[in-house]
Amino acid sequence: MQRQLREQSDYDQLPDDVPISAYIADAEQSKGFSSHVVFTIQVKQKGGARYFIFRRYRQFYRLQAKLLEKFSPDSHKNPNTCNLPMLPGKVYIGNKQEIAEKRIPELNIYMKKLLDLPAWILLDEDLRIFFYQTPEDSERIPLALRRLRPPTRKVKSQIGKEDVNGKAEAAQAEALYDFTGADDLDLTFKAGDIIYLLKRVNDEWLEGSLCNNIGIFPKSFVRIIKDLSQETPNGNKEGHAVAHRLRCIYHDVHCCEIRNVSLKDGVPLQPDYAELLSLMRTEFGNEAIALNYRDPEGDMVRIIDDMDVELMALEAKGQSKIKWPDFAPWELHVTRKDDLSVYNTNP
């Protein structure tokens with residue numbers, strides 16, 4: 001399925017409660033009479049709201065069947081049809097948890113391509129029901145959020161509670177749920193605890209101090225009372241491999257330029273989107289650029305957030321043609337921000 005670039009006018013008319021992105025944060029083994037795996041999915045709406053839903057693979061399968069019945073080019077029930085993304089198939093033999101873990105990258109790609117379809121499909125009743133947060137979803141507390149965890153483990157800060165207590169304007173948050181850390185680098189707390197905020201690890205995780213203990217914890221478990229200054233997370237990603245050169249292809253109106261960009265301090269193999277965009281703006285001396293990559297089908301995909309960067313890195317594994325030492329395994333296609341001619345927008 002070729003990634004669709006939504007018509008801006010159609011997208012602007014969508015209500016704010018329409019889901020526009022979804023990402024699997026964890027896969028939990030359900031306890032009880034019927035053992036099965038439930039995927040913890042973080043959904044983002046057009047208006048910016050984020051929440052968790054909990055879905056089994058069988059619910060993905062039912063959704064796909066309903067959408068194919070209505071929107072498949074072979075369907076005669078709807079004049080509006082399109083090519084739907086492919087859902088990973090059923091597996092009947094094997095360990096359920098292992099099967100679920102292998103499905104996570106494929107389901108993330110499936111949801112991303114599904115929510116990139118034309119705006120009128122996003123208004124479909126079955127699709128919206130699937131991504132709707134039910135009362136049961138809202139009452140359920142996710143356990144680990146392993147895939148939202150920072151890619152590296154943060155070294156404990158030297159700032160303790162005794163340091164932040166002396167600051168009248170210290171950033172702090174109130175715990176909404178109990179959180180039990182997986183190890184001593186996580187901060188364990190109970191609902192109602194007041195946590196002093198020390199650092200923003202990434203968009204989903206914070207570092208804080210409580211009762212002389214310091215650790216990281218998911219942002220979704222707390223209510224921010226006073227936020228940290230809007231500084232970006234540490235982009236160096238200590239302990240992770242970095243590339244000191246990357247291949248860029250710049251698409252201008254009349255020509256394409258291939259440029260091997262050298263970076264003195266290097267860039268992580270899976271960088272933050274904001275960091276990567278800033279580097280390219282500096283390199284090309286132009287603020288009005290867009291970052292892109294080519295998917296396995298050869299179509300240009302615009303990068304707009306960290307999830308897109310992760311998909312670029314994921315799809316580059318095993319398929320990268322870049323084998324030179326010190327080079328990032330993926331290549332960037334840099335275009336003018338207002339140039340939509342490089343995208344294949346046909347179904």
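1. Let's start with R281, which is partly exposed, at a relative accessible area of 25%. (Here buried means under 20% relative accessible area, exposed means over 50%, and partly exposed lies in between, with a 1.4 Å probe and protein chains only.) R281 forms a salt bridge with E287, and their closest N and O atoms are 3.6 Å apart. E287 itself is exposed, with a relative accessible area of 57%. A salt bridge is counted when a side-chain nitrogen of Lys or Arg lies within 4 Å of a carboxyl oxygen of Asp or Glu.

2. A word on what you are looking at: this is a predicted model, in which local features need pLDDT of at least 70 and side-chain atom pairs count only at pLDDT 80 or more, while totals for chains, interfaces and linings use all residues. Residues are numbered from 1 along each chain as its sequence is written, and side-chain values use heavy atoms, leaving out hydrogens and water.

3. By the salt-bridge rule, the count comes to 15. One of them joins the side chains of E28 and R140, at 3.4 Å from N to O. E28 lies in strand β1 and R140 in the loop between α6 (135-139) and α7 (161-164), so this pair ties together parts that are 112 residues apart in sequence. (Helices, H or I of at least four residues, and strands, E of at least two, are DSSP runs numbered from the N terminus.) E28 is buried, at 8% relative accessible area, while R140 is partly exposed, at 34%.

4. Two further places deserve a look. R336 and D339 form a salt bridge with their closest N and O atoms 3.8 Å apart; R336 is partly exposed at 24%, and D339 is buried at 10%.

5. The largest nonpolar core has 33 residues, and F39, I41, F60, M111, L114 and F131 have the most contacts inside it. (Such a core is a set of buried Ala, Val, Leu, Ile, Met, Phe, Trp, Tyr and Cys residues joined through side-chain atoms within 4.5 Å.) Elements giving two or more residues to this core include β1 (19-30), β2 (36-45) and α3 (96-114). The most comes from α3, with six residues.

6. What does L114 touch, not counting residues up to four places away in sequence? Its partners are L63, L67, P85, L122, L127 and F131, where contact means heavy atoms within 4.5 Å.
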